[in-house]
Amino acid sequence: MKVLVIGGGAREHALCRSLSQDPAVTELHCAPGNAGIAQVATVHPVDQLDGAAVAALARLLAADLVVVGPEAPLVAGVADAVRAIGIPVFGPSGPAAQLEGSKAFAKDVMAGANVPTARSYVCTTEAEAAEALDAFGAPYVVKDDGLAAGKGVVVTSDRAEALAHAASCERVVIEEYLDGPEVSLFAITDGTTVLPLQPAQDFKRALDGDEGPNTGGMGAYSPLPWAPEGLVEEVLETVLQPTVDELRRRGTPFSGLLYAGLALTSRGTRVIEFNARFGDPETQVVLARLVTPLAAVLHASATGTLDQLEPLRWDEGAAVTVVIASEGYPADPRTGDPIEGLAEAESADGTAYVLHAGTRADEDGRVLSAGGRVLSVTATGTDLAEARERAYDALALIGLKGGQHRTDIALKAARA
Ligand code: AMP
């Protein structure tokens with residue numbers, strides 16, 4: 001199978017790494033990729049938001065499968081452009097990707113499918129926003145309706161800050177605050193059959209102890225030893241399958257990766273948000289534990305044959321990933337600094353490795369930082385404590401001027 005992956009973050013590096021280890025994959029390509037992906041795939045400087053260009057590349061390569069990683073190309077209809085020339089694509093159509101592209105659309109689908117989520121109002125004026133904030137009271141949750149790379153959500157007890165965020169967005173969703181631990185549960189679907197993956201938890205805030213601003217994600221781990229038994233089955237039954245069925249009923253069938261961000265509240269499991277693609281950084285830990293070769297799973301989603309797939313096999317151990325971000329991330333990331341120690345951080349036995357996010361190679365082959373999140377240092381182990389130790393040991397070998405990371409990824413769960 002010849003596979004083309006679209007995107008250039010650590011999620012795509014994780015996808016490419018798994019695909020490169022799959023004996024069924026004879027050729028692996030990525031556009032645009034990054035310095036790490038270039039070590040396992042042939043990279044192509046193609047604009048990932050340009051559907052025609054991506055389709056042309058897929059045709060040129062005679063790809064058997066295109067895997068679209070990030071949300072922006074999906075919402076822009078890149079999967080549709082590839083599907084239109086008859087090449088199987090892993091990833092939803094533009095209209096179905098509105099599940100992530102518009103929080104208001106997602107709320108509407110959830111209402112139609114009877115999926116439990118926070119009560120909410122969609123507001124377009126300041127007066128409406130003020131009224132909604134007062135209806136729910138503090139802490140306030142204010143979400144930009146559109147795509148914001150995981151940074152469009154403000155949760156605050158400061159009413160003025162909540163109002164200011166609302167005023168800075170064209171359309172906002174203001175909703176009830178959900179208390180309780182969060183779980184990310186991914187499912188692969190072909191529009192009918194839904195195959196849940198292993199749950200993970202990510203860390204959205206920039207600083208230790210969940211302080212600081214929201215980010216794209218600073219680390220993740222899997223499994224969740226504290227999660228209630230039967231959680232995956234419950235979410236499949238009450239959230240994932242009804243949502244997939246509802247989207248099919250609406251004429252916008254959803255295939256690809258359905259990501260449910262969940263809050264386990266005292267009143268039950270609630271959906272915080274849906275994403276239309278693999279989450280970053282949770283993908284790094286979920287794929288680290290997936291034993292089943294990846295290509296056939298993604299291909300079955302793309303071709304509507306998931307019901308014929310054998311049950312997925314998982315490593316019983318644990319995986320932890322810790323993100324190294326640039327100085328100034330998320331507000332104003334500094335880029336262009338050399339990264340040292342990358343080779344040293346890779347363990348000989350493959351239990352610790354470095355996935356690249358915002359990196360590029362210069363003319364001399366040196367790897368430089370090129371984005372907010374720079375690396376995702378990933379490790380596996382028999383349990384979370386071991387995986388965590390390996391990830392932080394590897395991370396300690398890496399040098400990036402001004403680089404920042406959290407020191408408490410999976411800490412509580414590993415102790416439990
Ligand atoms: P989202 O982009 O919707 O996942 O939101 C980013 C983060 O904001 C989530 O991971 C939560 O930590 C927080 N958040 C979003 N919605 C709520 C809510 N209704 N109640 C509490 N926290 C929330």
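Predicted model: local features only at pLDDT ≥ 70, side-chain atom pairs only at ≥ 80, totals over all residues.
Helix α1 spans residues 10–20, and helix α10 spans residues 282–289. Their axes come within 8 Å and cross at roughly 15 degrees. Angles under 35 degrees count as roughly parallel, so α1 is roughly parallel to α10. The crossing of α1 past α10 is left-handed. On the α1 side, A10, R11, A14, L15 and S18 make the contact. T283, Q284 and L287 make it on the α10 side. By class, the residues of this contact comprise four nonpolar, three polar and one charged.

Helix α1 also packs with helix α11, residues 294–303. Here too the axes come within 8 Å, but the crossing angle is roughly 115 degrees. The range from 65 to 115 degrees counts as roughly perpendicular, so α1 is roughly perpendicular to α11. L15, S18 and L19 of α1 meet L294, A295 and L298 of α11. Five residues of this contact are nonpolar and one is polar. None is charged.

The ligand is surrounded by 14 residues. The closest are E175, E176, L178, E182 and E273. In the side chain of E175, an N or O atom lies 2.7 Å from a nitrogen atom of the ligand. For K143, a side-chain N or O atom is 3.1 Å from a ligand nitrogen atom. K103 places a polar side-chain atom 3.4 Å from an oxygen atom of the ligand.

Key: Residues numbered from 1 in each chain as written. Heavy atoms only, no water. Axes fitted to C-alpha atoms, helices over the stretch in contact; angles between N-to-C directions. Helix = DSSP H or I, 4+ residues; strand = E, 2+ residues; numbered from the N terminus. Parallel < 35°, antiparallel > 145°, perpendicular 65-115°, else oblique. Left-handed = near helix turned anticlockwise from the far one by under 90°. Contact = heavy atoms within 4.5 Å. Nonpolar A, V, L, I, M, F, W, Y, C, P; charged D, E, K, R; others polar. Near = heavy atom within 4 Å. Polar contact = N/O pair within 3.5 Å; in protein donor to acceptor, adjacent residues only side chain to side chain.
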